Amino acid sequence: MKSKKLFHEFLRYVTLNICGMIGLSCYILADTYFIAKGLGANGLAALNLAIPVYSFIHGSGLMLGMGGATKYTIFRGQQKQEYADKTFSNMLCLTAIFAAVFLFMGIFLAEALTTALGADSEIFTMTKTYLQILLIFAPAFLLNNVLLCFVRNDGNPRLSMTAMLIGSLANIVLDYILIFPLDMGILGAVLATGLAPAISMCILSKHWITKQNHFHIRKLQLSADLTKTTLSLGLPSLITEIASGIVMIAFNFIILGLLGNIGVAAYGIVANLSLVVISIYTGIAQGTQPITSRAYGLGNRDEITKILKYATVTITLISVCIYVLFVLSNSFIVGIFNSAQDTYLQRIAETGLILYFTAIPFVGFNIVLSTHFTSIEKALPAQALSLTRGLFLIVPIAFVLAYFFGMTGVWLSYPITECTVSVLGVILYQKFGRVR
């Protein structure tokens, strides 16, 4: 009976988080679709060059939210409410610091960033506009991510999901209005994206208005020990997001050399679909985190093991379904974003879709296992997995394979990296992942 109850709780948290994360990922997917329709291949290329910066902002918010919420849940499980409140207050201080840094970059460094990301004269203005507005809205992205994590871990995953979905729906509606009827182009797309987290936070406010919150603001001051612990636990979430940003930057430079802007536009379609797929796995991982951390705080080893097994089976089933869908419908899926019906772009993206997404079962496993380590306060193996995925393997592998096999090598570098990291993950789990 207890095992059945745990499975139902797992399904509840994971289902709600998958729905919410898919909605959240539609920030970028909606931009991709409407920019493709309104601005063509150049708009897609500009968006793809700017997306890595979004990954840095989103990743920073997840680091603060996941790290803080994990520690908060462990303290709650240990009946240490005062420390749980201090954790939330500490996260608000850190969020303000990170927000100030991104805001400074948006006001003063947008042009330099655009140049550094490789935008040529044809797409420079569009890329700079998207980057600058994105960075100016960074405080809203950061705070929204922190509040989403704390509300979910405070026993209200349904409200967290609702906030993400309504924010995403608002983004899609605003995208259409600002790009087409108001003819604001790339500026309209990024304004729609920036307003979405503000709308999400309005929905989250219900958690306080109805007095469902168990975390409260205490004296706002930074604690060095608490900051170190929570950032260490949240760092894998940041690395995971930064990894996708770094991969996109590296791939953009490689593909620009191989095929030019049309190649970057084709990769943009595949990469943005990848963000949606990864969001599903992130939803599973974030869904397991509150119940794993609670079980860890209570010292329940059996529950921790069962939750990881449930998550592993779930990602395997979902991966098979997604890949079959992409194989059967790759031409249709790419065509949705190829408004100009460019046959060259279509052919590149279709091939990329089939090769690139052979990685997805390994990606899901790596994300879930990294979050498992974080949930039981094993920050070092979580960081090792995330760093190996995002920095140490994929970039050199991409350059080597691109040199020998061109675009085919670029596409295959992703699954080869993720498969290798999965093997490392199993080894790390045998050493660190079992709670004794």
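Colleague: Is the crossing where α11 passes α13 left-handed or right-handed?

Modeller: α11 passes α13 in a right-handed crossing, meaning the near helix is turned clockwise from the far one by less than a right angle, with anticlockwise being left-handed. Before we go on: this is a predicted model, where local features need pLDDT of at least 70, side-chain atom pairs count only at pLDDT 80 or more, and totals for chains, interfaces and linings use all residues. Residues are numbered from 1 along each chain as its sequence is written, and side-chain values use heavy atoms, with hydrogens and water left out.

Colleague: Fine. At what angle do the axes of α11 and α13 cross?

Modeller: Roughly 160 degrees, and the axes come within 9 Å. Axes are lines fitted to C-alpha atoms, for helices over the stretch in contact, with angles from 0 to 180 degrees between N-to-C directions. That angle makes α11 roughly antiparallel to α13 (over 145 degrees; under 35 is roughly parallel, 65 to 115 roughly perpendicular, the rest oblique). Helices here are DSSP runs of H or I, at least four residues, numbered from the N terminus.

Colleague: Which residues in α11 and α13 meet?

Modeller: Among them, I304, L308 and I315 in α11 meet residues including F365, V368 and H372 in α13, where contact means heavy atoms within 4.5 Å. By class, the α11–α13 contact has 11 nonpolar, 4 polar and no charged residues. Nonpolar is Ala, Val, Leu, Ile, Met, Phe, Trp, Tyr, Cys and Pro, charged is Asp, Glu, Lys and Arg, and the others, Gly among them, are polar.

Colleague: And how do α10 and α11 cross?

Modeller: Their axes come within 10 Å and cross at roughly 165 degrees, so α10 is roughly antiparallel to α11. The α10–α11 crossing is right-handed, and its contact residues divide into 19 nonpolar, 4 polar and 2 charged.

Colleague: Switching to cavities, how many of 30 Å³ or more are there?

Modeller: The count comes to 5. A cavity is a set of points on a 1 Å grid over the protein atoms alone where a 1.4 Å probe fits but cannot get out; lining residues have an atom within 4 Å of a point.

Colleague: What's the volume of the second largest cavity, and what lines it?

Modeller: About 140 Å³, as space filled by probe spheres set on the points, which are joined across faces, edges and corners. Its lining has 13 residues, with P236, S237, T240, I367 and T371 nearest the centre. α1, α9, α10 and α13 each give two or more residues to that lining, which divides into 5 nonpolar, 7 polar and 1 charged.

Key
1 Å grid on protein atoms, 1.4 Å probe; cavity = no way out; pocket = protein on both sides within 12 Å on 5 of 7 lines; lining within 4 Å.
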